[in-house]
Amino acid sequence: MDKYSLTYTAMGYPADLFLKCKLYGQEKKSVENLRLSDKNLIQFIYDEYANDLLSYGLKMGYQKEVLEDAIHDVFYKLCLSPKMLNNVSELKFYLFRALKNQLLNINKSTSKFVITDIPEFKLSVKADSLHLLIEAEEQVRIKEKINKLLQVLSDKQREIIYLRFIHEMSYDEIGELLAMTSASVRNVVYKAISKIRK
Amino acid sequence: MKFSHYLTYTAADFSTDPFFLEWRWFQTEETCLFWTSFLAQHPEKSEEVLLAVKIVEMLVEGNEVSFSPQDKESAVKKLTSRVYIHKKRKKITVYSLSTVVVFFLFFLLTYKNTGVINSESDKKNFADISEKEVQLIFSAGGKVSFKEDIQIKYDTTGNIVVQNELGEMLEKHESDETHIALNRLIVPKGKRSSLLLADGSKIWVNSGTTVEFPSVFENRDERKIKIEGEIYIEVEKDTQRPFLISTPDFEVAVLGTKFNISAYPEDPVQHVTVAEGMVSVVSEAKKQRNVVAQNQQLQIIDKMQSGVTHVDVYNFTSWKDGILRFESEPLKNILTRLSRYYDINLAYGDDIESIRCSGKLYLFDEWKMVLDNITKVSPVAYSENEDEIIFRYNTIK
């Protein structure tokens, strides 16, 4: 972390928001001037994270229309009270958690939306652009093998891979999202590991 | 697992090896340690390993669906216009509120002239108005007040910067020559503030709290502050100088940790909850001492320390994020916290005494919405009269 991002975190803004802002060219403005009501900044954060949020919601079994509204509400609340970001170290984690809570609220207020059968938590295995790295035969073999390993795992275990591997969250953060302690997340992971090794 | 086992592996072999995938997918300590030392000892394999890392990354994908750029653009447009409307509406309510206040004052003045109002309640009213603002009082005698929630920062030489939540500068203060100066921060009900001390420690100050602290920690062997109310503090580590926090009923000593102290004199139960590290708590009255470690809480009931228990720390520190999370918490405690947070008068009948709740309340919502949410999840109803809101048990649901 350089000195700007330290100032940012000291001010209570998430470190990854700072990094993103830097990419976006905001670092030239003074740190104090960062405002979430800035339309360009909202656009930028939205562009960065909306797809991740949508995919995560779909994986949890919600419909696209419901998710669009929920994501909208998450961003709306964030714009109204940016102080919510105080002491959040990862913006992405904050947004995931906010979306999950928002979806639970929707479930509570309109009992129509209660999900009865939660779909399988799928992780897709693609091989589209791999040909640049390895040969076609190899590619098929690897794809099948990884797919098999993923199939052995439970939904929860795949969800943890999704959060840990694809979204790079800490075990504490994953625990909070899944309403588990980080110790029990680790337990689930160890069970997954012993399944994979067999 | 032995290193030699992997010496003949190609990228394709690595990318389907269970132990390799464990490392990529779960990043456990064991696997991280193994693979980093493997790479360190066998640099000749690094090319194959890195290729395998890339393969796994490209193969296992997270996002199968995405918004189109047009979708995103129109969503952001909708969002900004909604935020704009909200802000405008807020202004209008403020205007109409101030009209009401003017009328009320007019009424009060005419009423007073008839001599009906008694002077005591009159005085109390005025005291209340001045207590609606966050105040920073300097030892030299100066005082500044703020209408909004503020962030205060002291640098190592005692210079002060005060900002609002948007980071706009509100006040700047050069340090005066008397360094040992004790300052006092008063955060009334309905307000919150944060405070960065000269040693780098950061304090979140909850509603209805007073903090006394020096501009600079001059003393070579300790750092000392006083509080009454509730704070969450991240103490900057300094093994030479322990950090001491005293409340009317007990004292907490630490080296460098993160923890929450709730010490409202009017609360029957006060507590110290540790998020990181370790603290020791001493109460003067009975010469009791307890050590509280990470994820533990010590309750102080009627100046007596009761045992240390394991808790979910976030239930006690969530207020600093604008959230109130609780687990099987007596409803009356939640009401006490809300009445401080929003500065509203909440009363309750004896019949709700035994009700406990679990859940989460968003404190950035308006108080009415929060109270309505409570009535949705527990068997209570509330009614408003002119100066308080009363909660009662309600069986009809």
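1. Among contacts in chain A between residues at least 6 apart in sequence, what percentage join residues at least 24 apart? For a reader new to this structure, which is a predicted model, the answer is that 60% of those contacts in chain A link residues separated by at least 24 places.

2. The make-up of chain A may be taken next. Chain A contains 9 helices and 1 strand, and along the sequence these elements are arranged in the pattern α-α-α-α-α-β-α-α-α-α. The chain has 198 residues, of which 30% count as buried.

3. The mean pLDDT of chain A is 74, with 66% of the residues scoring at least 70; among its elements, helix 1 (residues 3–10) of chain A is lowest, with a mean of 44, while helix 9 of chain A is highest, at 90. Residues 1–11 of chain A have a pLDDT below 50, and beyond near neighbours in sequence this stretch has 16 contacts in the model. The pLDDT is also below 50 over residues 23–33 of chain A, a stretch with 13 contacts beyond near neighbours in sequence.

4. One helix pair in chain A can be described through its axes. Helix 7 (residues 155–166) of chain A and helix 9 (residues 182–197) of chain A have axes that come within 10 Å and cross at roughly 105 degrees; the two helices are therefore roughly perpendicular to each other. Helix 7 of chain A contributes A:K156, A:Q157 and A:I160 to the contact, and helix 9 of chain A contributes A:V185, A:V188, A:V189 and A:A192. By class, the residues of this contact are 5 nonpolar, 1 polar and 1 charged.

5. Turning to chain B, its average pLDDT is 81, and 86% of the residues score at least 70. Among the elements of chain B, the lowest mean pLDDT, 35, belongs to helix 6 (residues 119–130) of chain B, and the highest, 94, to strand 14 (residues 258–263) of chain B. Over residues 110–130 of chain B the pLDDT stays under 50, and the model has 4 contacts for this stretch beyond four places in sequence.

6. B:I301 is part of strand 18 (residues 296–301) of chain B, and because it has 13 C-beta neighbours inside 10 Å, B:I301 counts as partly exposed. Apart from neighbours within four places in sequence, B:I301 is in contact with B:P268, B:V269 and B:S306. B:I301 and B:Q270 are 31 residues apart in sequence, yet their C-alpha atoms are 6.4 Å apart in space.

7. The contact between the chains involves 52 residues from chain A and 43 residues from chain B. On the side of chain B that touches chain A, the elements giving two or more residues are helix 1 (11–16), helix 2 (18–26), helix 4 (46–59), strand 1 (60–61) and helix 5 (69–113) of chain B, with helix 5 of chain B providing the largest share, 9 residues. This side of chain B has 19 nonpolar, 11 polar and 13 charged residues.

8. The bridge partner of A:S124 in strand 1 of chain B is B:E61. For the complex, the predictor gives an ipTM of 0.76 and a pTM of 0.47.

Terms used. Residues are numbered from 1 along each chain as its sequence is written. Chains are lettered from A and ligands numbered from 1 in the order in which they are written. This is a predicted model: local features need pLDDT of at least 70, side-chain atom pairs count only at pLDDT 80 or more; totals for chains, interfaces and linings use all residues. Two residues are in contact if their C-beta atoms, placed from the backbone, lie within 7 Å. Helices (H or I, at least four residues) and strands (E, at least two) are DSSP runs, numbered from the N terminus. Ala, Val, Leu, Ile, Met, Phe, Trp, Tyr, Cys and Pro count as nonpolar, Asp, Glu, Lys and Arg as charged, and the others, Gly among them, as polar. Two strands pair if DSSP finds at least two bridges between them. pLDDT is the predictor's confidence in each residue, from 0 to 100. Axes are lines fitted to C-alpha atoms, for helices over the stretch in contact, and angles run from 0 to 180 degrees between N-to-C directions. Angles under 35 degrees count as roughly parallel, over 145 as roughly antiparallel, 65 to 115 as roughly perpendicular and the rest as oblique. A residue is buried if 20 or more other C-beta atoms lie within 10 Å of its own, exposed if 12 or fewer, and partly exposed in between; C-beta atoms are placed from the backbone.
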